[in-house]
Amino acid sequence: MKFIYLAFMLALFGGPAVSDELLTKGTTTYKQLCSRCHGFDMVNPGTGSYDLRKFPRDDKPRFVESVSNGKDGMPAMGDLLIGDELDALWRYVSTRGGKEPAVEESSLQGEQHQTAGPKGSAELNLMTPDTLTACLPINGGVMSGRRASGGAGLDYDIAQEIAKTLELDLKVIWYEGDIDEDTNPIRATYAMLSRPLCDVVPGYALYAPTLGKPKGDRAAVPRWKKPRFRDKFEEPEFVDLRPITTTIPYVRMEMGVVLRAPRDVLGFADLEGLTLGIQEGTLAGAISVGRMPSSLRANAVSRNPGPAFLWDMEKGDFDAALVAVAEYDFHKRQNKITKLILSDYRHPLGFNIGFAMLEDNKPLWDHLNGAVEDLLSNGRVDAIALQNKVHIAVPRRPFVQPELRTTDFLSR
């Protein structure tokens, strides 16, 4: 098993094409009766009529009921379909026009799933009925932060939109995101979902080694009852870990070069004559060390990671640095008159970001993916990023970044 998430993605976005007589007949029936409202090849934003690409592939009874008797302005077509035309039409819709494998009905016995719809759907296996509970770091920079009422940040607002799309309330568990000797962000995510402290953890990188079966049996849950105020001598709570997966990504986070003065940058070679800052203990810092030309090494300076890094640059300690773009966005929010400039250069290595959740809750996974697709298709993700003044990129395939070796990112 590479990771179950990859199998999920194959089932959702690709796989062996379906080719059979039933599909051929279903294609003809769809074009004749359905394409005018639901779109050619089912490409439909869902604003005027239902987007059939979101219809659950394992709920044929609901499909038959809707088509035969009509629903929400759609006329009943039970009298128009003869013989096996209804079965053929279902084959077309359930295989997304032959782009995905057919779902065997025998494997669906006893299962009932539905799309984003009824508030508090019981089969979502939510911790609290009618409520999506999300864990977010209280100190998440431009991605998340607690306020006197509610919260702020890209991940927070995305979670709000997802809950709204699913017709659920949103409850946020704020936790301390600092790394200490007992926890790290990856193991903390496993621990919070396994406890369970929440249903989902937004802002999780789709990186193969950090998905599926955990690398250890137990991990500590981060501070969450009173973030930043728990006695440092208080014993951490350890829990048994369970496998996790993620939804499809809603954004891609990248690394860019920050400058003290304007300059065209296509790579490290264009930083000749500048003092390069190295943020120790970060991926950007490791890449900088490995990729900088020898002429830059003599004047390069190293600093500890954290918000103070770009403030040191602001003071003139160095002229350029490769950092996660979100770090620059947070610095600019903290210092609105900053003179630092984010160049157009982006390092090729980036990570898609989605919602982490327990691997065995497939009904919730299905619904969340549908909601993320809605946000991407209607432009809400871009609007939320603009509102938060966060630089984001469109998710890129492969959605899950395979395991990297040092030579992989140093050679890019």
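Glu167 sits in the loop that runs between α6 (154–165) and β4 (169–175). In this predicted model, the phi angle of Glu167 is near 60°, a positive value in a residue other than glycine. Is Glu167 buried, partly exposed or exposed? With a relative accessibility of 43%, Glu167 counts as partly exposed, because that class lies between the cut-offs of 20% and 50%.

Lys389 also has a positive phi, here near 55°, and is likewise a residue other than glycine. Where does Lys389 lie? Look for Lys389 in the loop between α13 and α14. Lys389 has a relative accessible area of 66% and is therefore exposed, since exposed means over 50%.

The loop between α13 (380–388) and α14 (406–410) also holds Pro398. Which residue is joined to Pro398 by a cis peptide bond? That partner is Arg397, and omega for the bond is about -5°.

Now to another proline. Pro196 is placed in the loop between α7 (185–194) and β5 (201–205). A cis peptide bond links Arg195 with Pro196, with omega about -10°.

| Cis peptide bond | Omega |
|---|---|
| Arg195 and Pro196 | omega about -10° |
| Arg397 and Pro398 | omega about -5° |

To find these spots on screen, go to the loop between α7 and β5 for Pro196, and to the loop between α13 and α14 for Pro398. For the positive phi values, go to Glu167 and Lys389.

Technical notes: Residues numbered from 1 in each chain as written. Predicted model: local features only at pLDDT ≥ 70, side-chain atom pairs only at ≥ 80, totals over all residues. Heavy atoms only, no water. Helix = DSSP H or I, 4+ residues; strand = E, 2+ residues; numbered from the N terminus. Buried < 20%, exposed > 50% of the residue type's maximum accessible area, 1.4 Å probe, protein only.
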